[in-house]
Amino acid sequence: MDIESLLSKTIKEKASDLHLIAGLPPHIRVDGILQPIGNEVISAKEIDAICKEILNDNLYKKFSIEKNLDFSFEDEKGNRFRINLCYEKGFPALAARVIPKEIPTMEEIGMPKIVYNLCNLDRGLILVTGPTGCGKSTSLAAMINYINQNRRLNIITLEDPIEFIFHPQKSIIRQRQLGSDMLSFQDGLVHALRQDPNVIMVGEMRNLETIATTITLAETGHLVFATLHTYSAAQTIDRIIDIFPPHQQNQVRVQISLTLRGVLTQRLLPAIGGGRVAAREILINTPAVSNLIRENKISQIKTVIQTSAKDGMLTMENSLNKLYKNGLIDKESFDANIAMQNGF
């Protein structure tokens, strides 16, 4: 088996991911469901050969030592993939995420109108959250490209690895990749201040240092976009605050109450007729929300979202209801996700 034919099959089947694990047939994920490609298993030797084919000598050596590697890859047809290599039971394994050639528009992914308002702000922190594989990168790319198409700004993205390729339109864009263009997200953020930015996109807020620097950038008059792996707006705020030592948490609450502009939490559901559609919860940092954050009453945020539709807020339950009533998801998916939501 060669990587080009496997990736071509992934594209042909309109899959989102390809998985190679020694001793199993290759698997692809179509509309959120894993399925094998035939019955022929792939060996550890074949996966290792694929690793050597897609990596240069230095990266292959790095992978052999560190046992994990993230990078972007482009095949002969110009299709792009985000690839993770790891070891499992002593053998190499591969996971490849398909990156669409075209950045979808906000309209195409059904982004609510309030998100357009967030993209037109001059400063503050906007978070896109959700579990792995929920479309955070796609939503973030659509938002950044909306700014690129409509505003004359300097945009800097910090990514691991670079996924969507932006083509400067009204804005100018620098895309920086971890490892090749910067040593760490924190290092990239610190130096971004000297690059005259208006908008900064952080691929993921992974640790205390990155979160602290991201908040500081939003405080100093920049519009900052970032992602987190959280399941709700309230959990997002708790996660940020809890990562700091106890003696700093009161200060961080104040910072978040002042800098946060909105939280967009989403999950992807199987759509009727094929494909997937996003259900979203939206929190807007109104004075009432800001006060709850400052006073450490995060548990009350869900109630505010439920009663603040006029401010553009949206509960996950209402989003699911709209998708079901509009015939975009079936009753089984609706019921399962409502039950999941009530469990949080």
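Reader: Which residues of α9 are buried?

Author: In this predicted model, the buried residues of α9 are Q249, V252, R253, Q255, I256, S257 and T259.

Reader: What covers the buried residues of α9?

Author: Several elements do, including the strands β7 (124–129) and β12 (260–270). The helices α7 (208–219), α8 (233–242) and α10 (287–294) are also among them.

Reader: How do you know that the span of helix α9 agrees with what it should be?

Author: Let's set one value against the other. Helix α9 covers residues 246–259, which makes 14 residues. The expected span is 1.5 Å times one less than the number of residues, so these 14 residues should span 20 Å. The end C-alpha atoms of α9 are 20 Å apart, which agrees.

Reader: Where is the kink in α9 centred?

Author: On V252, and the kink is about 25°.

Reader: Why is Q306 called partly exposed?

Author: Good one to check by hand! Buried needs under 20% and exposed needs over 50%, with partly exposed in between. Q306 has 45% relative accessibility, so it counts as partly exposed. You will find Q306 in helix α11 (residues 301–306). Between Q306 and S72 there are 40 Å in space, C-alpha to C-alpha, and they are 234 residues apart in sequence.

Reader: What makes strand β8 largely enclosed by the rest of the structure?

Author: Count its residues: β8 runs over residues 154–159, and six of the six are buried, so the strand is largely enclosed. N154, I156 and L158 point one way, while I155, T157 and E159 point the other way, and all are buried.

Reader: How do you know that β8 and β9 pair?

Author: Two strands pair if there are at least two bridges between them. β8 and β9 (residues 172–177) have six bridges, in the parallel sense, so they pass that test. One of these bridges puts N154 with I172 in β9. β8 also runs parallel to β10 (residues 199–202), joined by four bridges, and T157 stands opposite M201 there.

Reader: Which residues touch the most other members of the largest nonpolar core?

Author: They are M106, M143, I147, F225, I240, L283 and I301, out of 68 residues. Helix α5 (residues 136–150) gives the largest share of this core, seven residues. Leaving out residues up to four places away in sequence, I301 touches I237, L283, V289, L292 and I293. Apart from this core lies another, of 26 residues, among them L7, I37, Y60 and F63.

Conventions:
Residues numbered from 1 in each chain as written. Predicted model: local features only at pLDDT ≥ 70, side-chain atom pairs only at ≥ 80, totals over all residues. Heavy atoms only, no water. Core = buried A, V, L, I, M, F, W, Y, C linked by side-chain atoms within 4.5 Å. Buried < 20%, exposed > 50% of the residue type's maximum accessible area, 1.4 Å probe, protein only. Helix = DSSP H or I, 4+ residues; strand = E, 2+ residues; numbered from the N terminus. Contact = heavy atoms within 4.5 Å. Bend = angle between axes of the 7 residues up to and from the residue.
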